[in-house]
Amino acid sequence: MQGQWTGQPVGPDVWATCRELIPPGSVFAFLAEHRDALFPAAMFTDMYPSPNGRPSMPPQILATAVLLQTLHGVSDVEAVQELRCDLRWKAACGLGLHDTAFDPSLLTYFRRRLARSTRPGRIFDAVRAIIAETGVLRGRHRRALDSAVLDDAVATQDTVTQLIAAIRRVIREVPGATDAAASCCTAHDYTSPGKPRIAWNDEQARAVLVDALVTDAIRLLSETCDQVLDARAADAIGILALVAGQDVEPAEGSDGRDGRWRIARRTAPERMVSTVDPEARHIHKTTTRTSDGFKAHLAVEPETGLLTAVQLRPGAAAAHHEAAVAPDLLACEDHRVEVAADAAYSSGPCRRALTEAGHRLLIKPAPLRPAGQTAYFTGIIDKKRATFDAATCLACPLRGRCTIARGGRVVQIRPDHDLQVAARCQAATDVVWQADYRRRRPPVERAVAWVVAGGNRRLRYIGTIKNNAWLHLRAAALNLRTLVNRGLTRSEGAWVLTAAPV
């Protein structure tokens, strides 16, 4: 059941007795004074539906602690240590001087309740409601879009490690898989820890091992595929099937039907990088910079730096590309805005969706002919193609910016080709558009830097749901800090800004 704040701290009230020691105008001082107005008890009632049981720690305290934890980028243990020893944290959360806080696991349970509730983004929404009430964005009809790569919280696994881990998980989760593995899996003792003992510097030995592990995986899948499985078992089977196929190909001289396999000479699209976090992906932010993890998609008001919308998605797949996410980031806008973004958002469908919504686009178009080469279109409307000669592309000094195709670049006329042509023409000739883009686009980099500052580029949690909840908490904390720096306070029951706009 939901615990209620009694108003009786353990020991002297820190905010009442040590107020002069808390930095004025800080997030700590704001939360100490306005914590109950920001996080009323009724805000969390649905997270504690049962009227029975031992009362929980008041959720207002936990919400404040989680917000400060996310703002400062500390672990659960470190956050509780701050609550025990730092007067600023005690004052912000309403704890007494002698209060020893609580066990760090309570923060984990609170985040889990929050992520699984009907409103997992309620803290972000609460801060966004304050933004709307203060009117700080009134008349500011510009939004800048960008994404940031966030590193996952797990180690990237090689093919052998993934195969062994996936087989072990099936043995552990799927009914009857233990007996099936004992009879059909012979490449490795899956009950022993670590990798198989082979000569890892021997290429032939590695090839034999990979072939045997893939064969074990296929046999185990065939033995267990006819069962009715629960969610955990089905996930285990799905991961094994994915791992068994993503990194291998038929061995040389094999047609794929004789059970001989080798490591593929390519990287599979949307490759899973770890069985510990199956949603983490291999990401190419640019042609030279790669990473493993997720992408944080941000919509920012460029003058104030306030984050108006955020989403965390897996780092690969067309459905999670910047251009596919952009309309969702702007869906909460109740008026037309001016959208500034780089070439990652310049796809035809994205331009059409945003144009039909009435937004003005300051989106940099992708280059069509970086070296000025020419090719002629063939085919019918909406299926026309122009193929640049392979020799021309190979000798071109700008090949790395244009294509990696061995046969030369192929340009296809798509349904939104007219929008792309008009965008390129505007970007090349409209001096007003050029000036607006140079002025409105760069400020989003400041917001990206705030999100990843303090070691927050590396995520702490596993999976999209938990990390998306963290990103919304991070955005809420950054927005609250920005508002506090602008003099956020509560006057006559309303949120107002007392400082002059910066």
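## Cavities

The second largest cavity of this predicted model has a volume of about 40 Å³. A cavity is a set of points, on a 1 Å grid over the protein atoms alone, where a 1.4 Å probe fits but cannot get out. Grid points are joined across faces, edges and corners, and a volume is the space filled by probe spheres set on the points. By this rule there are three cavities of 30 Å³ or more.

Q69, T70, G73, V74, N456, R460, Y461 and W470 line the second largest cavity, a lining residue being one with an atom within 4 Å of a point. By class, this lining has three nonpolar, four polar and one charged residues. Ala, Val, Leu, Ile, Met, Phe, Trp, Tyr, Cys and Pro count as nonpolar, Asp, Glu, Lys and Arg as charged, and the others, Gly among them, as polar.

## Second largest pocket

A pocket is an open set of points with protein on both sides within 12 Å along at least five of seven lines. The second largest pocket holds about 390 Å³ of space. It is lined by 14 residues, of which R112, A115, I462, I465 and K466 are the closest to its centre.

Helices α6 (105-116) and α19 (464-485) each supply at least two residues of this lining, and α19 gives the most, with six residues. The lining of the second largest pocket divides into seven nonpolar, three polar and four charged residues.

## Helix packing

Helix α2 (residues 27-38) crosses α19 at roughly 110°, and their axes come within 11 Å. Axes are lines fitted to C-alpha atoms, for helices over the stretch in contact, and angles run from 0 to 180 degrees between N-to-C directions. α2 is therefore roughly perpendicular to α19, a label for angles of 65 to 115 degrees. V27, F30, L31 and L38 of α2 make the contact with L480, R481 and V484 of α19, where contact means heavy atoms within 4.5 Å. By class, six of these residues are nonpolar, none polar and one charged.

Helix α16 (residues 417-429) packs against helix α17 (residues 431-440) at an angle of about 85°, with their axes 6 Å apart. α16 is thus roughly perpendicular to α17. Their contact involves Q426, A427, A428 and T429 of α16 and V431, W433 and Q434 of α17. It has four nonpolar, three polar and no charged residues.

## Residue H72

H72 lies in helix α3 (residues 59-72). H72 is partly exposed, because its relative accessible area is 38%; buried means under 20%, exposed over 50% and partly exposed in between (1.4 Å probe, protein chains only). Leaving aside neighbours within four places in sequence, H72 is in contact with F28, W89 and R474. H72 and V210 are 138 residues apart in sequence and 44 Å apart in space, C-alpha to C-alpha.

## Whole chain

The protein chain has 19 helices and 12 strands, which are DSSP runs numbered from the N terminus (helices H or I, at least four residues; strands E, at least two). Its C-alpha trace spans about 80 × 70 × 40 Å along the principal axes. Of the 502 residues, 47% count as buried. Among contacts with a separation of 6 or more, 66% join residues 24 or more positions apart.

## Basis of the values

Residues are numbered from 1 along each chain as its sequence is written, and side-chain values use heavy atoms, with hydrogens and water left out. In this predicted model local features need pLDDT of at least 70 and side-chain atom pairs count only at pLDDT 80 or more, while totals for chains, interfaces and linings use all residues.

Technical notes
Angles under 35 degrees count as roughly parallel, over 145 as roughly antiparallel, 65 to 115 as roughly perpendicular and the rest as oblique.
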